[in-house]
Amino acid sequence: MRTNESHVFLFISCIIIGILISLNIDLKKDGKNNFLNASQYQDAYNERSKLYNEISDLQKQYNRYNSKFLKYNSSEKNKYEIVAEIESELKENKTKLGMEDVEGEGIVITINDAVDQYNATGNEDYLVHFYDLIFLINDLKNSGAEAISVNGQRVIDGTYDYCGGSNINLNGVKIVAPFYISVIGNKEVIKQYMLMNENYLKYLMIVRKISAEIKVEEELKIDAYIGTKKYKYAKLKINK
């Protein structure tokens with residue numbers, strides 16, 4: 001009798017186990033596998049890499065701020081160190097914005113109107129215009145220039161040039177030819193870059209006969225931008 005009961009129990013157990021296995025298989029079947037083509041896979045991979053980089057940057061930023069916070073709260077003495085660090089960072093940022101005097105190796109480019117050709121033809125292509133300076137400044141930035149000034153006027157983001165007849169206005173100051181473009185950066189790299197046939201300086205020299213000279217300087221000083229930089233439309237984003 002007990003043997004029969006055991007057989008019945010074993011039989012019912014097998015049925016239950018079978019049902020559970022079946023349910024498990026069915027549940028797995030409900031999970032949908034999405035297959036990506038090569039382009040989708042590449043996009044997903046790039047997105048993942050981007051997110052990893054953002055997370056890494058945020059982690060570094062968090063560690064930096066947290067370290068400052070901990071130092072600030074550790075002792076009275078460290079408060080002064082933190083203040084000094086903040087002042088150092090502020091000065092560094094002002095330097096990047098062009099609000100501080102800087103010095104270092106670089107080059108000075110002197111460009112001037114092709115006076116003889118202009119007097120003979122009256123063709124204004126032989127004169128240096130505001131857009132010529134803009135193209136030259138863009139090339140200099142692409143070459144790795146770290147600081148630029150034109151006739152003593154510091155070039156910063158938001159600097160506007162325009163032609164005002166026989167002169168060019170830069171930072172609200174009227175400047176006239178010849179133009180002395182001072183540049184701090186790797187002097188040899190910048191010089192070679194500016195003299196490449198594809199760049200604008202060579203076009204001015206060859207096609208428009210503009211006078212141009214490059215002088216390498218071991219030590220060059222560029223004064224800070226004088227004035228205040230204000231935004232009319234851009235506002236600081238506040239994270240909510």
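Is Lys 209 buried, partly exposed or exposed? Lys 209 is partly exposed, with a relative accessible area of 43%. The model is predicted.

**Backbone geometry**

- Most residues other than glycine have a negative phi, and most peptide bonds are trans.
- Lys 209 is not a glycine, yet its phi is positive, at about 60°.
- Lys 209 sits in the loop that runs between α7 (200-206) and β8 (211-222).
- Asn 171 also has a positive phi, of about 55°, without being a glycine.
- The loop between β5 (168-170) and β6 holds Asn 171. Asn 171 is partly exposed, at a relative accessible area of 22%.
- A cis peptide bond joins Ala 177 to Pro 178, with omega near 0°.
- Pro 178 belongs to the loop between β6 (173-175) and β7 (179-184).

**Helix α6**

- Helix α6 spans residues 187-194, and its buried residues are Lys 187, Ile 190 and Met 194.
- Viewed down the axis of α6, these buried residues fall within an arc of 75°, so they line one face of the helix.
- The cover over the buried residues of α6 includes β1 (102-112), α5 (130-142), β7, α7 and β8.

**Second largest pocket**

- The second largest pocket has a volume of about 240 Å³.
- Its lining has 14 residues. Nearest the centre of this pocket are Lys 96, Glu 146, Val 155, Ile 156 and Asp 157.
- By type, the lining of the second largest pocket has six nonpolar, two polar and six charged residues.

**Aromatic pairs**

- The whole structure holds four aromatic pairs.
- Tyr 41 and Tyr 45 have ring centres 6.4 Å apart and planes at 25°, so the pair is stacked.
- Both Tyr 41 and Tyr 45 lie in helix α2 (residues 38-74), four residues apart, or about one turn of the helix.
- Tyr 41 counts as exposed, at 51% relative accessibility. Tyr 45 is partly exposed, with a relative accessible area of 39%.
- Tyr 200 and Tyr 203 make a tilted pair, 5.3 Å centre to centre, with 45° between the planes.
- Helix α7 carries both Tyr 200 and Tyr 203, three residues apart, about one turn of the helix.
- Tyr 200 counts as buried, at 15% relative accessibility, whereas Tyr 203 is partly exposed, at 35%.

Notes:
Residues are numbered from 1 along each chain as its sequence is written. This is a predicted model: local features need pLDDT of at least 70, side-chain atom pairs count only at pLDDT 80 or more; totals for chains, interfaces and linings use all residues. Side-chain values use heavy atoms; hydrogens and water are left out. Helices (H or I, at least four residues) and strands (E, at least two) are DSSP runs, numbered from the N terminus. Buried means under 20% relative accessible area, exposed over 50%, partly exposed in between (1.4 Å probe, protein chains only). The arc is that of the directions from the helix axis to the C-beta atoms. Contact means heavy atoms within 4.5 Å. On a 1 Å grid over the protein atoms alone, a cavity is a set of points where a 1.4 Å probe fits but cannot get out, and a pocket is an open set with protein on both sides within 12 Å along at least five of seven lines; lining residues have an atom within 4 Å of a point. Grid points are joined across faces, edges and corners, and a volume is the space filled by probe spheres set on the points. Ala, Val, Leu, Ile, Met, Phe, Trp, Tyr, Cys and Pro count as nonpolar, Asp, Glu, Lys and Arg as charged, and the others, Gly among them, as polar. Rings of Phe, Tyr and Trp (its six-membered ring) pair if their centres lie within 6.5 Å; planes under 30 degrees apart count as stacked, over 60 as edge-to-face and the rest as tilted.
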